[in-house]
Amino acid sequence: MLDILYFAWVREAIGKDGESIDHPGADITISVLLDRLSGAGEGYAEAFADRSRLRAALDHAFVSLETPLGEAHELALFPPVTGG
Amino acid sequence: MIRIHIGEEGIDPAALLVPLEQLGGGAVASFTGIVRGDGGLVSLRLDHYPAMTQARIEAIVAQAQARWPLLGITIVHRVGAMAPGERIVFVGTASSHRAAALESCAFLIDWLKTSAPFWKKECFADGREQWVEARAEDDAARDRWNA
């Protein structure tokens, strides 16, 4: 299984905090997974439309969208951070 | 002494400075971030990624420790809802001398703004709400430390 978490406007567009899916496979990149999820509904397509505004973390480490999922258990998708 | 805290309660800089002053060094520096009321902002909401936030801040703290001879670091970041004028973040550093304390404090807030999973949402008097966009200036402020 792969747990996917959504934050900030990504969460609002999709309408949920996260979900668990069957692990798509270690070689699948985040970007390819986003393409697949974009077909899951209007909110997904909206959230993932502009990849330049999207950031990701795999098992709590920031990674690029071209990173393969590998053996990760948790993928988080969110906008660039704005703390401090 | 390393102290990292993320929570919804208010921040008391005076109380946070005391333990940093008691570490035997000659210098304590601090930064306090305040919610600005620009453009009719009535409240700010901070979301974060709890499972990741603490670990990311610990990693930023470790970088500061590797770079400067520090006796203590305190980082407190608020999450949840807050109003203009309220404190949102506190960074305090203690060292034997001022340069290390001042520089590491600036380093920590620059990295905290751009490398820890927090997101701000602004709520305005007219009912508008918007997520704050990341600013290129903040990335530039962080990247100057790599020069």
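Visitor: What do the buried residues of H2(B) pack against?
Guide: They pack against strand E3 (55-58) of chain A, together with strand E1 (2-7), strand E3 (41-48), strand E4 (70-78) and H3 of chain B. Helices (H or I, at least four residues) and strands (E, at least two) are DSSP runs, numbered from the N terminus. This is a predicted model, where local features need pLDDT of at least 70 and side-chain atom pairs count only at pLDDT 80 or more, while totals for chains, interfaces and linings use all residues. Residues are numbered from 1 along each chain as its sequence is written, and chains are lettered from A and ligands numbered from 1 in the order in which they are written.

Visitor: Which residues of H2(B) are buried?
Guide: Met52(B), Thr53(B), Arg56(B), Ile57(B), Ile60(B), Val61(B) and Ala64(B) are. Buried means that 20 or more other C-beta atoms, placed from the backbone, lie within 10 Å of a residue's own; exposed means 12 or fewer, and partly exposed is in between.

Visitor: And Glu58(B), where is that?
Guide: Glu58(B) sits in helix H2 (residues 50-67) of chain B. Glu58(B) is partly exposed, because 13 other C-beta atoms lie within 10 Å.

Visitor: New topic: which residues touch the most other members of the largest nonpolar core?
Guide: Leu108(B) and Leu112(B), in a core of 51 residues. Such a core is a set of buried Ala, Val, Leu, Ile, Met, Phe, Trp, Tyr and Cys residues joined through C-beta atoms within 7 Å. Helix H3 (residues 98-115) of chain B gives the largest share of this core, eight residues.

Visitor: What is Leu108(B) in contact with?
Guide: Leaving aside neighbours within four places in sequence, Leu108(B) is in contact with Ile60(B), Ala64(B), Ile75(B), Val91(B) and Thr93(B). Contact means that two C-beta atoms, placed from the backbone, lie within 7 Å.

Visitor: How many residues of each chain are in contact with the other chain?
Guide: 13 residues of chain A are in contact with 20 residues of chain B. On the chain A side, helix H1 (8-14) and strand E5 (74-78) each supply at least two residues.

Visitor: Last one: how many helices and strands does chain B have?
Guide: Chain B has four helices and eight strands. From the N terminus on, they run β-α-β-β-α-β-β-β-α-β-β-α.
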